[in-house]
Amino acid sequence: MGHRLTRIYTRTGDTGTTGLGDGSRIDKDAPRVAAYGELDELNSHLGLVLAHGLPDEVRDCLIEVQHRLFDLGGDLCIPGRASLEQNHVDGLERWLDYFNERLPPLKDFILPGGGPSAAHCQVARTVCRRAERTLTTLARAEPVAPLALAWVNRLSDLLFVLARILAEGGETLWQPGRPPALPPR
């Protein structure tokens, strides 16, 4: 790691630019900065999920994910760097299979919720999908680590499955065309 933060404020961003890991400066609203900013937001939402009492295997999985999110953020901060390997994508798929085999088959869409940890996991899933869209936009304009999109795509699937695990059967199924609920008379 090249830089240690000995002082939190530097004043170098006061004009709307930020420094990348290679020393170059770009606008704070550049697609690259937006992409790693959304990964940072996602990591913070995972911190909220981890603040709940979780099964050990879910906790271990999410901590691993948090480390990889930092790696991917570093990749985006240092153009040309690629730390994700196929085994990272494969690892998410193994976690997906591991957790999904414990769940009943999904026959209907479910509404986000199912308790605090499940609801926070659903929020993390939607932030992950937004990060994936931002990465896709960035990848059309600039080089992005080859496995970044695949890994983030698997991660959003994993977060959906983990939300189901954390809901522990407290899922609410979507009822298309449901009549409006009215207050009692």
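The largest cavity here has a volume of about 40 Å³. Bear in mind that this is a predicted model. Searching the whole structure turns up one cavity of 30 Å³ or more.

The largest share, three residues, comes from α5.

## α5 and α3

Let's start with helix α3, residues 86-100. Its axis and that of α5 are 9 Å apart, and the two helices pack at an angle of about 20°. Angles under 35 degrees count as roughly parallel, and α3 and α5 are therefore roughly parallel to each other. Their crossing is left-handed.

On the α3 side, the residues in contact are His-88, Val-89, Leu-92, Glu-93, Trp-95, Leu-96, Phe-99 and Asn-100. They meet Ala-150, Trp-151, Arg-154, Leu-155, Asp-157, Leu-158, Val-161, Leu-162 and Ile-165 in α5. By class, the contact of α3 with α5 has twelve nonpolar, two polar and three charged residues.

## α5 and α2

Next up is helix α2, which covers residues 56-77. How do α2 and α5 run, roughly parallel or roughly antiparallel? They pack at an angle of about 155°, with axes 12 Å apart. Over 145 degrees counts as roughly antiparallel, so that is how α2 and α5 lie relative to each other. Here too, α2 passes α5 in a left-handed crossing.

From α2, the contact takes in Val-58, Cys-61, Leu-62, Val-65, Arg-68, Leu-69 and Leu-72. From α5 come Ala-148, Trp-151, Val-152, Leu-155, Leu-158, Leu-159, Leu-162, Ile-165 and Leu-166. The class count for the contact of α2 with α5 is 15 nonpolar, no polar and one charged.

## α5 and α1

The crossing of α1 and α5 is left-handed.

Which residues of α1 and α5 meet? Leu-39, Leu-42, Leu-46 and Val-49 are the ones in α1, and their partners in α5 are Val-152, Leu-155, Leu-159 and Leu-166. Where does the contact of α1 with α5 stand by class? Eight of its residues are nonpolar, with no polar and no charged ones.

## Putting it together

Leu-155 of α5 turns up in the contact with α3, in the contact with α2 and in the contact with α1.

How values were computed. Residues numbered from 1 in each chain as written. Predicted model: local features only at pLDDT ≥ 70, side-chain atom pairs only at ≥ 80, totals over all residues. Heavy atoms only, no water. Left-handed = near helix turned anticlockwise from the far one by under 90°. Helix = DSSP H or I, 4+ residues; strand = E, 2+ residues; numbered from the N terminus. Contact = heavy atoms within 4.5 Å. Nonpolar A, V, L, I, M, F, W, Y, C, P; charged D, E, K, R; others polar. 1 Å grid on protein atoms, 1.4 Å probe; cavity = no way out; pocket = protein on both sides within 12 Å on 5 of 7 lines; lining within 4 Å. Points joined across faces, edges and corners; volume = space filled by probe spheres on them. Axes fitted to C-alpha atoms, helices over the stretch in contact; angles between N-to-C directions. Parallel < 35°, antiparallel > 145°, perpendicular 65-115°, else oblique.
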